Amino acid sequence: MAIGEQMASGHSGRRLWLLALGAFVLAGSTGVLLRAGMLYGFPGGLQFINVRHAHSHLMYFAWATPALMLLIAAWLPGQTGRLAGRGFTWTAGAAIVLGLLSYPLFLLSGYGRLAVAGRALPLSGMVSGLEFLPWLTFALLYLRARRGVRGGLPLRLWDLAVLFQLLAAGGAALRSALAMTGTGDPFWAAAGVHFFLDLFSDGWFVLALLGLLYAVYQVPVSPAATWGTRLLAIGIPVLFALKMPPALVPGWLWLLGALGGVAVTVGLSLHLAVLWPRLSWCWRLPLAFLGLVVAGTAGLLLPPVAAWAQASGLRVSF
């Protein structure tokens, strides 16, 4: 059965799915503006770093996250034997709305301040900070829906994905707090950004999608998939240290991040080996790109590759 046929029940779920797709189109268009601005300049006084923040936050908060929420809610009953409930739909809708609200704020000021009624307020950080509420609500709804159920592989992957999403919120909170207080310590600023980005992309996005693939295609549990999941659970929480600018990372922390990079590389490779022969051709393209992420993570373990990635600004993988 096609994954779209299991979309959240009712017209509201389908409308939200279309709204999330609209946010994706807007975010992609902003990415086009970002690249055009690098070549020809930005219109209306927009600045590169602010456009980049608007683009990435819309992708993260208004597209990928609510889309995954809706898809997990659609396939969760098949794993638990229970109805998911309409709370998931409301939660995904709140995530989309907050993501769209933060978009013009980031576009105009990034993590800076905007003048409101004679006061300079960090509105973008304040609104994006509210995104934690849909994440927490989704986690609570998910835990309630799967409580007491002996987890198969999709549920185990979603368990980790939800956990890493909540842990990533700590990095987002640190980044917002530093922006609002004006603290300029480069180590903590980079640590907050990468702890959030890497836990969210490699933890929440990747593991949630892997869980969906195992649920949709009903791939049986295998030792390779089980060990791959264990390695990802070990490696993802420390991967941020490998992707931070090397000059800011103490040697012991880099070594910890490198061990995490090895675990993630092997873990994702095991999942790719299990899934590749079982999926239809249309799913092999995103899996191939996931393979590029595996190669990029492995490359960061080599100092010459890491130095080139840092100089080129290619340290965040999706």
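Select helix 2 (residues 48–80) and helix 3 (residues 87–109), whose axes come within 7 Å and cross at roughly 175°. Helices here are DSSP runs of H or I of at least four residues, numbered from the N terminus; axes are lines fitted to C-alpha atoms over the stretch in contact, with angles from 0 to 180 degrees between N-to-C directions. Helix 2 is therefore roughly antiparallel to helix 3, a term for angles over 145 degrees. Their contact has 19 nonpolar, seven polar and no charged residues; Ala, Val, Leu, Ile, Met, Phe, Trp, Tyr, Cys and Pro count as nonpolar, Asp, Glu, Lys and Arg as charged, and the others as polar.

The model is predicted: local features need pLDDT of at least 70 and side-chain atom pairs pLDDT 80 or more, while totals for chains, interfaces and linings use all residues. Residues are numbered from 1 along each chain as its sequence is written, and side-chain values use heavy atoms, without hydrogens and water.

Next, select Ala54 in helix 2. Ala54 is buried, with a relative accessible area of 0%; buried means under 20% (1.4 Å probe, protein chains only). Beyond its neighbours within four places in sequence, Ala54 is in contact (heavy atoms within 4.5 Å) with Tyr103, Phe106 and Leu107.

Then display the largest nonpolar core, which has 87 residues. Such a core is a set of buried Ala, Val, Leu, Ile, Met, Phe, Trp, Tyr and Cys residues joined through side-chain atoms within 4.5 Å. Helix 2 gives the most to this core, with 19 residues. Finish at Trp204, among the members touching the most others; the residues that Trp204 touches include Thr65, Leu68, Phe138 and Leu199.

Terms used:
Buried < 20%, exposed > 50% of the residue type's maximum accessible area, 1.4 Å probe, protein only. Helix = DSSP H or I, 4+ residues; strand = E, 2+ residues; numbered from the N terminus. Parallel < 35°, antiparallel > 145°, perpendicular 65-115°, else oblique.
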